[in-house]
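Here are my notes for you on this one. Keep the model open next to them and click along as you read.

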Amino acid sequence: MAKASEIKNEDSIEIVEAYYCTECKRNHTKGKIYKEHLQFAKIENDGEEITEDDELELNKDDYSEQEEIDLAEEIEDTDLEEDIEFEEDDDFDIGEKILNDDVQNCVEAVKKLPGVGEATLKKLIKAGFNSLESIAYTPPSIIQEESGLGDKTTVRLIKASMEKLNIGFKSAEDVWEHRKNIARISTGSQELDDLLGGGLETGCVTEFFGEFRTGKTQIMHQLCVNVQLSREKGGLEGNALYIDTEGTFRPERIIQMSEALDLDHKKVLKNIVFGRAYNSDHQILLIKEAANLIKERNIKVIVVDSLIGHFRSEYIGRGTLANRQQLINSHLHDLLRLADIHPELGIVVTNQVQSKPDVFYGNPLQATGGNVVAHGSTIRIYLRKGKGEQRVAKMVDAPHLPEGEAVFSITENGISD
Ligand code: GTP
Ligand code: MG
């Protein structure tokens, strides 16, 4: 009988129930298994020992049934993916990318968590959980779903990360210390910056919503340029990550805006990581992948233009509403988590408006996405057209800023007063 790992994929079938294979001498829990091995299956695990556990640093005696499954997953993975080797200097490759020092330090911390072997580490990193913060702040169900780790392992990792980060109750003074790291990115308009309390705030999600041609996309372009400026000039000396769901990103505009600020447009373009999202699933995936790029590429602003567009066009009709709202909610929480983990990262999204036929007084235009988005975004700005190049921004919701309005212009040079 050939060894399991030598049989090609076409010869395999999906596992329905976890079983112990006396031929391989190990548990098979999920993914593909080999038809020929079914005859060796023992569905009820009657306490037989897993013998090929040499590579595990964990003490098996401490583990319950679910943990045994986790353990077996680790064995399987290490077996089937023998080509995954960690370099001696611990500087390892994920895909094509060599991790930089900052990321490396975060990964090192994850590696030191109790029970994290190479297989677990690889799964975590592949799913974007490359720091203690990302593990501590993510609900267990999401970590489990995305990394494929078992529930007990996940809970243990979260607990250990929380302990290491000292997460729990803290004094308001500590919160204030944390908020001191919050920075601002200038929008290019002094008035709009004032409305925002000094520019786009980092460490939270800001939403710009309004009708078409009100300047949402222009503001997004400008922030990608301005974030690269020095701190004295209103930037954060960082790079931008742009997720375009509508196909309206224009490098030409970036060049115009860069030249207006005497910046080398080639450098500016190079410092914008761009992702075109073709559907809502792709959009969700891009944000999950973005988690790995933030430190590595020194990303200080993430743009999603627009947040809801794909969801709206893909989920049509009342029957799909609950599902759609749930997906948007979890997507927004992915963004909010990134903001929590990285206090120096600004996250800005755009949103369309829809007309509410039952509003007789006041503004009949409402941001799409309903309450999910309204509660999710930390700061909300409503944009409307003014005279000519002028646009009016209205602060609709912010935990610490007064309501108010600002007038700015969209010119060839970008956003200005
Ligand atoms: P939708 O994505 O359609 O919902 O609109 P939006 O709010 O994203 O609009 P966008 O930011 O694309 O703004 C478009 C407006 O920007 C246009 O109406 C133009 O007036 C203005 N604009 C874009 N490029 C230039 C330019 O080079 N010079 C000037 N003066 N205005 C520009
Ligand atoms: Mg737009």
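**Notes on the loops, the sheet and the cavity**

1. Start with a loop: serine 306 sits between E13 and helix H13 (309-314). Helices (H or I, at least four residues) and strands (E, at least two) are DSSP runs, numbered from the N terminus. The peptide bond joining aspartate 305 and serine 306 is cis, with omega about 0°. Most peptide bonds are trans, and most residues other than glycine have a negative phi.

2. Before you go on, some ground rules. This is a predicted model, where local features need pLDDT of at least 70 and side-chain atom pairs count only at pLDDT 80 or more, while totals for chains, interfaces and linings use all residues; side-chain values use heavy atoms, with hydrogens and water left out. Residues are numbered from 1 along each chain as its sequence is written, and chains are lettered from A and ligands numbered from 1 in the order in which they are written.

3. Now find glutamate 237, in the loop between helix H9 (216-226) and strand E11 (239-244). Its phi is near 50°, a positive value in a residue other than glycine.

4. On to the sheet. What is the order of its nine strands? Read across this open sheet and you get E12-E11-E13-E14-E10-E17-E18-E19-E20, with mixed pairing. (Two strands pair if DSSP finds at least two bridges between them.) Strand E12 (272-276) and strand E20 (414-416) each have a single partner strand, so these edge strands are left with one side lacking a neighbour in the sheet. On average, neighbouring strands here are turned by 25° against each other, direction ignored. H14 packs on the sheet, touching E10, strand E13 (299-305) and strand E14 (346-351), and its direction makes about 155° with that of E14. Contact means heavy atoms within 4.5 Å; axes are lines fitted to C-alpha atoms, for helices over the stretch in contact, and angles run from 0 to 180 degrees between N-to-C directions.

5. Next, trace the pairs. Strand E10 (residues 205-210) and strand E17 (residues 379-385) are parallel, with five bridges, and glutamate 207 has arginine 380 in E17 as its bridge partner. E17 and E18 run antiparallel and are joined by six bridges; leucine 383 stands opposite alanine 393 in E18. Their hairpin has four residues between the strands, and glycine 388 there takes a positive phi near 50°.

6. Keep going to the end of the sheet. Strand E18 (residues 390-397) pairs with strand E19 (residues 405-411) in the antiparallel sense over five bridges, with valine 392 partnered by valine 407 in E19. A hairpin of two residues then joins E19 to E20.

7. A cavity is a set of points on a 1 Å grid over the protein atoms alone where a 1.4 Å probe fits but cannot get out, and lining residues have an atom within 4 Å of a point. Grid points are joined across faces, edges and corners, and a volume is the space filled by probe spheres set on the points. There are two cavities of 30 Å³ or more, and the largest cavity has a volume of about 280 Å³.

8. Who lines the largest cavity? It has 22 lining residues, with Gly128, Ser134, Ala291, Leu338 and Ile341 nearest its centre. H12 gives the most, six residues. Domain 2 (94-165) and domain 3 (183-416) both contribute to the lining, so the largest cavity lies between them; the domain bounds come from an automatic or database domain assignment.

How values were computed
1 Å grid on protein atoms, 1.4 Å probe; cavity = no way out; pocket = protein on both sides within 12 Å on 5 of 7 lines; lining within 4 Å.
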